[in-house]
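Subject: Handover of a structure and findings

Dear colleague,

Please find below the structure that I am handing over to you. The findings follow directly after it, arranged by topic.

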Amino acid sequence: VKFIYPPVRAAAHPLHNWNDPSVLGRWMEYFSGQTYQHRMFYWGPVDLIRRSWVYVSDTLPAQVGWAGLLLGGWGFAWLVRRNAWFALALVSAWIAGIFYCINFILSGIALRTYYLPTFMFFSVAVSAGMGQLLTLAGRRARRWAVPALAVLVLFTGWEALSHRFESDRARHYFAWDFSRAILRSIEPDSMLVAFGDYDLFPLW
């Protein structure tokens, strides 16, 4: 469906018609991401190492907390023993997503948006680790597993609260103010020609 719908919808000439993939050439450009290919494999080896370290030391912990990192490692080890092929597929998809993002010329909050699939892949391992901890809590290890689970929940909750204001965009009006300033600066019934996501996305 995702390959058929865009050219069919584009043939109706909607207001927002990205690359107009109604003909074969533009359809191939649309699905190959040709507009963005110049952004791929942009960084050199030193920058790749630096960006990888930022992901491991800052970006991922900001999403799951340090307790989540420990749970993810534990959960992945359990998944390897339970279903090695599933664990291999999971970690392959996770690493591929990281490899794509660190090679892509983006930074800041825009890059974190691209990292969303990698966070979801890692959350599967975190869930597996949490499941193992709950299983231990129901056995003889209850004496230490229950307090450990309580500390984990409190710590993870604190991590989430500490990063809430960083990701909260409830009072973030930059896109609105930026678009309004652009539209008010041009004459009525004139044509606005823009290039790049930073101009076009807020206007859309």
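A residue counts as buried when its relative accessible area is under 20%, as exposed when that area is over 50%, and as partly exposed in between. Ala-96, at 44% relative accessibility, is therefore partly exposed. Please note that this is a predicted model.

Overall composition

The protein has nine helices and zero strands. Along the sequence, its pattern reads α-α-α-α-α-α-α-α-α. Of its 204 residues, 25% count as buried.

Helix α3 and its kink

Helix α3 covers residues 45-82, which makes 38 residues. A straight helix would reach 56 Å at 1.5 Å a residue, yet the end C-alpha atoms of α3 are only 36 Å apart. Where is the kink in α3 centred? The kink is centred on Pro-61 and amounts to about 100 degrees.

The nonpolar core

The largest nonpolar core contains 17 residues, and the members that touch the most others are Tyr-55, Leu-60, Tyr-115 and Phe-122. Two or more residues of this core come from each of α3, α4 (84-103) and α6 (116-137). Which element gives the most to this core? Helix α3 does, with six residues.

The C-alpha atom of Ala-96 is separated by 8.7 Å from that of Thr-118, and the two residues are 22 residues apart along the chain.

Salt bridges

How many salt bridges does the structure hold? There are two salt bridges.

One of these joins Asp-47 to Arg-50, with 3.4 Å between the closest N and O atoms. Both residues belong to helix α3 and lie three residues apart, about one turn of the helix. An α-helix has 3.6 residues a turn, so residues three or four places apart point the same way. Asp-47 is partly exposed at 28% relative accessibility, and Arg-50 is also partly exposed, with a relative accessible area of 43%.

Another salt bridge is formed by Asp-20 and Arg-26, whose closest N and O atoms are 3.3 Å apart. Is Asp-20 buried or exposed? At 19% relative accessibility, Asp-20 falls under the 20% limit and therefore counts as buried.

Two residues with positive phi

Most residues other than glycine have a negative phi. Asp-20 is not a glycine, but its phi is positive, near 45 degrees. This residue, which also takes part in the salt bridge with Arg-26, lies in the loop between α1 and α2.

Asp-189 likewise has a positive phi, of about 60 degrees, although it is not a glycine. Asp-189 is placed in the loop between α8 (174-184) and α9 (197-203). With a relative accessible area of 87%, Asp-189 is exposed, whereas Asp-20 counts as buried at 19% relative accessibility.

A nonpolar patch on the surface

Which residues form a nonpolar patch on the surface? The patch is made up of Phe-3, Ile-4, Val-8, Trp-18, Tyr-30, Phe-31, Phe-201 and Trp-204. Together these residues have about 800 Å² of accessible area. One of them, Trp-18, is found in the loop between α1 (5-10) and α2 (24-32). Trp-18 is partly exposed, with a relative accessible area of 30%.

Yours sincerely

Key:
Residues numbered from 1 in each chain as written. Predicted model: local features only at pLDDT ≥ 70, side-chain atom pairs only at ≥ 80, totals over all residues. Heavy atoms only, no water. Patch = residues over 30% accessible without salt bridge, like charges linked within 9 Å, V, L, I, M, F, W, Y side chains within 5 Å. Areas by Shrake-Rupley, 256 points an atom, 1.4 Å probe, with all protein chains shown as cover. Salt bridge = Lys/Arg side-chain N within 4 Å of Asp/Glu carboxyl O. Helix = DSSP H or I, 4+ residues; strand = E, 2+ residues; numbered from the N terminus. Buried < 20%, exposed > 50% of the residue type's maximum accessible area, 1.4 Å probe, protein only. Expected span 1.5 Å × (residues − 1). Bend = angle between axes of the 7 residues up to and from the residue. Core = buried A, V, L, I, M, F, W, Y, C linked by side-chain atoms within 4.5 Å.
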